[in-house]
Amino acid sequence: YAGCDNGSVWRSNDGGTTITQIDTAGLPNSAVGGIACRPTDSTQVIVGMQGGGVYRCVDTTAASPVWTNQSGSGSTGLPDSPVNDVVWDPYNGITYYAATDVGLFMTTNAGSTWKNMNVLGLSNVHCNSLKVSPDGAYLYVATFGRGIWRIPLANITFTSFTVPSAFIYGDQSMNATMNLSHGAPPGTVAFITESSPYVTTLTSANFSQNATSRVFTIYTSQVF
């Protein structure tokens with residue numbers, strides 16, 4: 001893939017012998033700052049624009065590839081700042097990172113909201129380039145005048161879901177615990193579903209930063 005100063009994006013499947021323009025719909029007329037493929041599917045691509053914003057195409061091999069804005073909006077959106085590089089998380093298909101003139105940002109929900117990663121220890125600095133290490137262990141960021149920084153990445157999974165009893169009786173409540181394999185990054189959310197009309201609980205549970213467990217309450221009603 002190649003991005004140009006005029007906002008065009010190109011794809012080659014044969015090492016550059018032939019090349020196809022794929023920015024037919026959805027991209028602004030702005031220089032491309034960075035391009036990243038989803039690690040598990042090279043036809044899914046995100047681009048960062050120097051005019052601001054991150055855009056995603058779910059199939060660059062389509063006859064007319066469509067790009068959608070992944071920048072969010074308002075106070076939880078990506079700042080209106082040049083995006084100099086982007087990279088996809090190696091473990092999560094809806095998590096990506098954007099290097100901007102005002103710092104490093106991440107989304108854990110495909111761009112609906114963004115978090116400032118400077119609060120994790122990185123200086124509030126112009127970020128130029130991003131790279132995930134070959135083993136997927138670290139995200140590296142090169143800055144303007146403040147050196148190269150890194151932060152560990154982890155393949156976070158649920159390890160267990162526990163309740164204090166093997167039986168749940170009607171008209172009672174009890175605390176349940178969800179456990180993670182690693183500390184949660186900022187913005188980690190677990191979505192909860194239940195199929196019984198006699199059980200009420202959260203539909204989603206937010207994990208505190210670096211937490212490895214989350215306790216929530218399950219409420220039950222009388223069956224008869």
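Reader: Which residues does T95 contact, leaving aside its neighbours within four places in sequence?
Author: This is a predicted model. T95 sits in the loop between β8 (83-88) and β9. Beyond its sequence neighbours within four places, T95 is in contact with W88, D89, M106, T107 and T108.

Reader: Is T95 buried or exposed?
Author: The cut-off for buried is under 20% relative accessible area. T95 has a relative accessible area of 4%. T95 therefore counts as buried.

Reader: And T108: buried, partly exposed or exposed?
Author: T108 lies in the loop between β10 and β11 (115-116). Its relative accessibility is 22%. Buried needs under 20% and exposed needs over 50%. T108 is therefore partly exposed.

Reader: How many Å apart in space are T108 and Y97, C-alpha to C-alpha?
Author: In sequence, T108 and Y97 are 11 residues apart. In space, their C-alpha to C-alpha distance is 9.1 Å.

Reader: Which element gives the most residues to the largest nonpolar core?
Author: That core has 14 residues, and Y97, L104, C127, L130 and L139 have the most contacts inside it. Elements giving two or more residues are β9 (96-100), β10 (103-107), β12 (127-132) and β13 (138-143). With three residues, the top contributor is β12.

Reader: What does C127 touch, leaving aside its neighbours within four places in sequence?
Author: C127 is among the residues with the most contacts inside the largest core. Its partners beyond four places in sequence include N84, A99, T100 and G103.

Reader: How many residues are in the second core?
Author: This core is separate. Among its members are A36, V83, V86 and F105. Its residue count is 12.

Reader: Which strands are at the edges of the open four-stranded sheet?
Author: The sheet has the order β4-β5-β6-β7, with antiparallel pairing. An edge strand here pairs on one side only. The edges are β4 (32-38) and β7 (68-69).

Reader: Within that sheet, what is the bridge partner of G48 in β6?
Author: Strand β5 (residues 41-49) pairs with strand β6 (residues 54-57) in the antiparallel sense. Four bridges hold the pairing. In β6, G48 has as its partner V54.

Reader: How many bridges join β16 to β20?
Author: Strand β16 covers residues 173-180, and six of its eight residues are buried. It runs antiparallel to strand β20 (residues 213-220). The number of bridges between the two strands is seven.

Reader: Which residue of β16 stands opposite T162?
Author: Strand β15 (residues 158-162) is joined to β16 by four bridges. The two run antiparallel. Opposite T162 stands T177.

Reader: How many helices and strands does the protein chain have?
Author: The chain has 224 residues, and 38% of them are buried. Its C-alpha trace spans about 70 × 45 × 35 Å along the principal axes. The count is zero helices and 20 strands.

Reader: How far apart are the centres of the positive and negative side chains?
Author: The protein chain has 8 positive side chains and 12 negative ones. The centres of the two sets lie apart by 7 Å.

Reader: What share of the accessible surface belongs to carbon and sulfur atoms?
Author: The accessible surface of the protein chain comes to about 11,900 Å². The share from carbon and sulfur atoms is 52%.

Technical notes:
Residues numbered from 1 in each chain as written. Predicted model: local features only at pLDDT ≥ 70, side-chain atom pairs only at ≥ 80, totals over all residues. Heavy atoms only, no water. Buried < 20%, exposed > 50% of the residue type's maximum accessible area, 1.4 Å probe, protein only. Pairing = 2+ DSSP bridges. Areas by Shrake-Rupley, 256 points an atom, 1.4 Å probe, with all protein chains shown as cover. Lys, Arg positive; Asp, Glu negative; His and termini not counted. Charge placed at Lys NZ, Arg CZ, Asp CG, Glu CD. Core = buried A, V, L, I, M, F, W, Y, C linked by side-chain atoms within 4.5 Å. Contact = heavy atoms within 4.5 Å.
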